[in-house]
Amino acid sequence: GTRLGSPLPKGMLSIGLPSGKTLFELFAQRIRKVQELAVAAFPGSAETAVVPWLVMTSETTHGPIAEFMAQHNYCGLRQQDVLLFQQGFLPAMTKEGQVILATEGQLSLAPDGNGGFYRALHQSGTLAELQRRGVRHVQVFSVDNALCKVADPTFFGFCELKGTDCAAKTLTKAGPHEKVGVFALRGGKSAVIEYSEIGAQRAELRDAHGALLFNDSNIAIHAYTVDFLKDVAESYSRDLVYHVAEKTIPSVAGPVKGVKLETFIFDAFEFGKHFCLLRVPREAEFAPVKNAPAPGAVDTPVTARHLLYRLHHLWVTAAGGTVTGAPAAADNGSPGEGSEEPPVEVEVSPLLSYEGENLAPRCQGKALPAPVHLEVQ
């Protein structure tokens, strides 16, 4: 959460919803709702309709996250179904390739990037636990998307029907120069090309129908078979490309200019035998939380909150209800943030509805005065 001005891990932060729920609580409650819907669809499945929640931590965040989970009763999930595991580290180096010492006799280490997920999952024993439970598919998502449909049945069903070993959700780009990576083929293999790599001219290329040629954004929502994860961890994780980030690094001799090496999770897509994309609507599945609130800023807790309000307002309307009242207030002194007027404040608990279903009893034929906050009764 450092980019948001908080020392806490990002999942422990609230985006300012009326409920005060943190990102972790939103995700966990979506998992709980999926489990409930599964039991309703398949009576007698209560013992098997369980979705394990895996949380990758770092050496710095592991303690605070473990404490948060314990204090919040694992966000309503069973303790044995919340599996924390730590990512690995790589040594920081000077630009000349010499390792940097943090103290006398101790290397300066930095997290190995989200691509370290594969090896960490395997070495921690978490992958073996998934195999023991009979899990076949794993959805992986970034903690900074407030609208992520966690444990999405549609996504898992898509992967099962298509026979994918790895897959990803994608959105059409908001414009040619939106700062997102895009899916493409590199050397005939599936890849993500970062916005900094694609170049302005290539980003503006269009097909015969006028659509952007490189138009499918990576929003960091992926799905894998457990067999694929095992193959990558055991056979391919050392083949992942190392990406270089230039940083000022603390050292025993004081701050020095150096480099940190990272692997990216999407670089394993090239090892997939059947990779597929599922294009989803931006307004229903993407509310990034990357930046601190500021006038005109985007991808902040405020803009994410507004996106959730708009989506939940649509749910209430689709369920036959109307919302009356003024838009949300100026949001903690950040007028002008984003490019749109504040929406009406509408929050629907994930425990009440996963994606807008079963809201008619609470909404049909009713005029609900804003702010609207619907929880399980």
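Colleague: How are residues numbered, and which pLDDT do local features need?

Modeller: Residues are numbered from 1 along each chain as its sequence is written, and side-chain values use heavy atoms, with hydrogens and water left out. In this predicted model, totals for chains, interfaces and linings use all residues, side-chain atom pairs count only at pLDDT 80 or more, and local features need pLDDT of at least 70.

Colleague: How many aromatic pairs does a search of the whole structure find?

Modeller: Rings of Phe, Tyr and Trp (its six-membered ring) pair if their centres lie within 6.5 Å; planes under 30 degrees apart count as stacked, over 60 as edge-to-face and the rest as tilted. Under that definition, the search of the whole structure gives 14 aromatic pairs.

Colleague: How many residues apart in sequence are the parts that Tyr118 and Tyr224 tie together?

Modeller: The two rings are edge-to-face, at 5.8 Å centre to centre with 85 degrees between the planes. Tyr118 belongs to helix α3 (residues 117–123) and Tyr224 to strand β12 (residues 216–225), so the pair joins parts whose separation in sequence is 106 residues. Helices (H or I, at least four residues) and strands (E, at least two) are DSSP runs, numbered from the N terminus.

Colleague: Is Tyr224 buried or exposed?

Modeller: Buried means under 20% relative accessible area, exposed over 50%, and partly exposed in between (1.4 Å probe, protein chains only). Tyr118 has a relative accessible area of 1% and is buried. Tyr224, at 1% relative accessibility, likewise counts as buried.

Colleague: Which residues do ring pairs link into a cluster with Phe269 and Phe275?

Modeller: Phe269 is buried at 1% relative accessible area, and Phe275 is buried at 18%. The cluster linked by ring pairs contains, besides Phe269 and Phe275, the residues Phe85, Phe117, Tyr118, Phe183, Tyr224 and Phe228.

Colleague: In what order do the three strands of the open sheet stand?

Modeller: Strands of a sheet pair through backbone hydrogen bonds, either parallel or antiparallel; two strands are taken to pair if DSSP finds at least two bridges between them. Seven bridges join β13 to β14, which run antiparallel, and Ala245 has Lys260 in β14 as its bridge partner. The pairing in this open sheet is antiparallel, and the order is β4-β14-β13.

Colleague: Which strands stand at the edges of that sheet?

Modeller: Each edge strand has a single partner strand, so one side of each is left without a neighbour in the sheet. The edge strands are β4 (93–94) and β13.

Colleague: Which residue in the turn between β10 and β11 has a positive phi?

Modeller: Strand β10 (residues 182–186) is joined to β11 by five bridges, and the two run antiparallel. Leu185 stands opposite Ser190 in β11. The two strands form a hairpin with two residues between them, and the residue in the turn with a positive phi of about 65 degrees is Gly187.

Colleague: How many of the five residues of strand β11 are buried?

Modeller: Strand β11 spans residues 189–193 and is largely enclosed by the rest of the structure, because the number of its five residues that are buried is four.

Colleague: How far does helix α10 reach from its first C-alpha to its last?

Modeller: Helix α10 (residues 301–318) has 18 residues, and the expected span of a helix is 1.5 Å times one less than its number of residues. Among its buried residues are Leu308, Tyr309 and Trp315. The reach of α10 is close to the expected 26 Å, at 26 Å.

Colleague: How many residues apart in sequence are the parts tied together by Lys21 and Glu375?

Modeller: The side chains of Lys21 and Glu375 meet in a salt bridge (2.9 Å, N to O), defined as a side-chain nitrogen of Lys or Arg within 4 Å of a carboxyl oxygen of Asp or Glu. Lys21 lies in the segment before α1 (23–41) and Glu375 in the segment after β19 (372–374), so the parts tied together are apart in sequence by 354 residues.
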